[in-house]
Amino acid sequence: MNELPLFSLRNRWFSVSVGVTAAIAVLAALAGLIWLPLAQPDLKLSGIWEAICSAAGVPQSTSQSTVIEPGFRTSNVVMTSEMLTKRDQVAIGRGATLAQRCAICHGPQGVSDANSPNLAGQFAAVTYKELNDFKTGARVNTVMSPFAATMTNRDMLDVAAYYAYLPRVPSNSLDIDMVAPAIVVTGAPMRNIPPCGSCHGDIDNKAGSPWLGAQSAVYIKAQLHAFASGARRNDISQQMRNIARQMTAEEVDQVARYYEAQP
Amino acid sequence: MLINKRLILAHFWLAFAVFGLALLLGAWQMFVRSPLNAWHFNPEFYYRSVTAHGSAMGYVFPTLVAMGFGYAITESALEKPLIGRRWAWVGFFLVAVGAVVAMIPVSLGLASVLYTFYPPMVGNPFYYIGVVMVVVGSWIWVALMPINMAIWKRENPDKPVPLAMFANVAGAYLWGWTAVGAALEILFQILPVALGLKSTIDAGLARVFFSWSLHAIVYFWLMPTYIAYYTIFPRAIGGRLYSDAMGRIAFILFVVVAMPIGVHHLFADPQVGAGFKFMHSVFTGLVALPTLLTVFTICASAEIAGRLRGGRGAFGWVRALPWQNPIMLATALSLVMLGFGGAGGLINMSYQLDASVHNTQWITGHFHLIFGGAIVIMYFAIAYDLWPHLTGRALESFGLMRTQLWLWFIGMIVTTFPWHYVGILGMPRRMAFYDYANPAISPQAFSVSVSAVGGFILLASGVMFLIVLIRGHGAPASEANAYRFSVALHMPARIPIALNSFGLWLALMIGLTVVNYGYPIAQLMVLKETNVPAVYVGASR
């Protein structure tokens, strides 16, 4: 087929198709990056260049120079899924020694008779985060806060590693045949409550969510009430506060009894 | 002439086997989250099933159909044996093994991330490795199609490439470039995290990469359907293709504008600037053009057939069409679904209107109507048309075929229309559980139940489809004529080089990608603050 070479301005197929495509692209860019942003008075743009930057999505530093600080301490622990999942024998050994002073409330084997949380078999990341929050004041407790205040970062990591190493022990009210309440299995989507099990085991475990099986019902209820009232607020992004506020008294009761009966 | 019949049959059979299994999962999903089912199952199973259904229907099934049909086109349109037969088998086994590798972690619940991956969720690495194997297998096909066309062109310098082959290569190029986005996402964003080399992921950038693939993949699924419209339908109903050049232009337009428009899937995502969203919206509007050209050309071709068969008057030719013919029926039903689906699509791609339907069941309804409806019904038609030539045995159950096609159409309408409706009511997608007892949701209960019934109609139709094909293998052997594609009203003797080659169109496709995606991708790559901790799915229990 003898004709003009394709990539030549004299070939109409080339010049028209490239020209039309470029024209559409330029018009779309002019409209999207300049005209439409300038047409929105709310954006308060000072000129064309700012319009282009705004529409292209260039990150802009906020003009607000003073950061509003909350009137209370917030948790500064950053949770990731991989955090503290590797076992470290030295840390466990050190943690075992340090944990002797915890035993009076949390039990010599990490299982409490005093409605303090059971720590045996708890995820290391969870124990570490709570200790850290007690130390920084993000979580406050008359008994725990003074203990945590004197602990170094290494101490907290070691204690957490030790308790993660201890085997979980079922509670006296173990009942594996208990039917899981609806709130644990399905949550309550209309109240924005995800299933408890989607973070606390059963269905899935999410970073930073404690294992609740065999935990004292009194303790679980107390914590849900503390979240709901705002007395406890070291949950990241208010996850638990938003959930606890929406739960009915009956659901709180069911959840506490259910998890106490779990292994 | 079809020589490598076993190769082509292997592709089609694996495709339809996967389709059958995924269809079963789909029907189960429709049922289990509808009010017809009392809530009593682990919601994780639902997400597992959705991941398997999506991966099988989105990646494995259409890819195998496009590959198998592509090999059939190469041999019959170019009238010579496929070059690279061994490579083609390698590609087939990569797809087959990749599908199994991906499905094992999904069925174990280790990768319930849905087929669109949704970072920062990260599942088992073998899921992603399996998907990559499927894509790499299909890339062998992507390479073989232009190679076969190039060799044929060298041997036949004065002849235009047959439309079927031209369109087939357009599909191969489109898929080759489209799959790059998802490949970049998996290789550089997700896999390092899934393998434990990193614990944070730039979810925004990963989603931008996926949008690169996510829209044009639909046009890749659409290619066999459009090829069937242009090159099978007019011949099957005893007519002529109205315009050969129009077909070429339609396929060229798909190559150029189908890909750099994917950000319309990210209208609600914060990481892309509003200006680029608008630009992608404009180009998405352009992609309606080749579809409108096609609808015109195919209706004109049908009119030619109707008048050749003695139809008279403004509409008399419609009645004269061979409605008993399954290909005629499938094409007509496909065009109806394409019409409704396309109208819905224009709403989704509009930056403003999308806000009212984004992430609702409307979207799920939309892509099922387009893909499951308009596209897949033509896959059936392709199989019905090609089967006698592949097996050497005639398909005789025409009544069953027509019933199957009608049931598929009815099932798809019954499934997707209520789906669209509940989407307008605000029903979110990707959820396992809806509390229909709640007064805010109860008005949706009836529509959702209807749509679940549609799912079972589709399942019945799918089973009938497989029965027709299996029966075809048992029919008495009969001599099939050579497999031919439709003849145009004016067969092109000479055509402009632009309509017979891809260089210019590939350059425009890549150029538009740079214009529309260059800045959003570059910006996210430079910004370090955009990384977030990965959320491992099924990591520790």
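**Exercise 1. In which loop of chain B does L114(B) lie, and is the residue buried, partly exposed or exposed?**

*Solution.* L114(B) lies in the loop that runs between α3 and β1 of chain B, where helices (H or I, at least four residues) and strands (E, at least two) are DSSP runs numbered from the N terminus. The structure is a predicted model, in which local features need pLDDT of at least 70 and side-chain atom pairs count only at pLDDT 80 or more, while totals for chains, interfaces and linings use all residues. Residues are numbered from 1 along each chain as its sequence is written, and chains are lettered from A and ligands numbered from 1 in the order in which they are written. L114(B) has 19 other C-beta atoms within 10 Å and is therefore partly exposed; with C-beta atoms placed from the backbone, a residue is buried at 20 or more such neighbours within 10 Å, exposed at 12 or fewer, and partly exposed in between.

**Exercise 2. Which residues other than glycine have a positive phi, and where is there a cis peptide bond?**

*Solution.* Most residues other than glycine have a negative phi, and most peptide bonds are trans. Against that background, phi of L114(B) is near 70°, and phi of K44(A) is near 50°. K44(A) sits in the loop between α1 and α2 of chain A and counts as exposed because 8 C-beta neighbours lie inside 10 Å. The cis bond joins P119(B) and P120(B), with omega of about 15°; P120(B) belongs to the loop between α3 (85-107) and β1 (121-122) of chain B.

**Exercise 3. What is the radius of gyration of chain B, and how does it compare with the globule rule?**

*Solution.* Begin with the secondary structure of chain B, which comes to 17 helices and 4 strands. The radius of gyration of chain B is 23 Å, close to the 24 Å given by the globule rule for 541 residues, so chain B is as compact as a globular protein of that length; the radius is taken over C-alpha atoms, and the rule is 2.2 Å times the number of residues to the power 0.38. Along the principal axes, the C-alpha atoms of chain B fill a box of roughly 65 × 50 × 45 Å, and 54% of its 541 residues count as buried.

**Exercise 4. How many residues does each chain bring to the contact, and which element supplies the largest share of the side of chain A?**

*Solution.* Counting residues as in contact if their C-beta atoms, placed from the backbone, lie within 7 Å, the contact takes 32 residues from chain A and 41 residues from chain B. On the side of chain A that touches chain B, the largest share, 14 residues, comes from α1(A).

Technical notes. Two residues are in contact if their C-beta atoms, placed from the backbone, lie within 7 Å.
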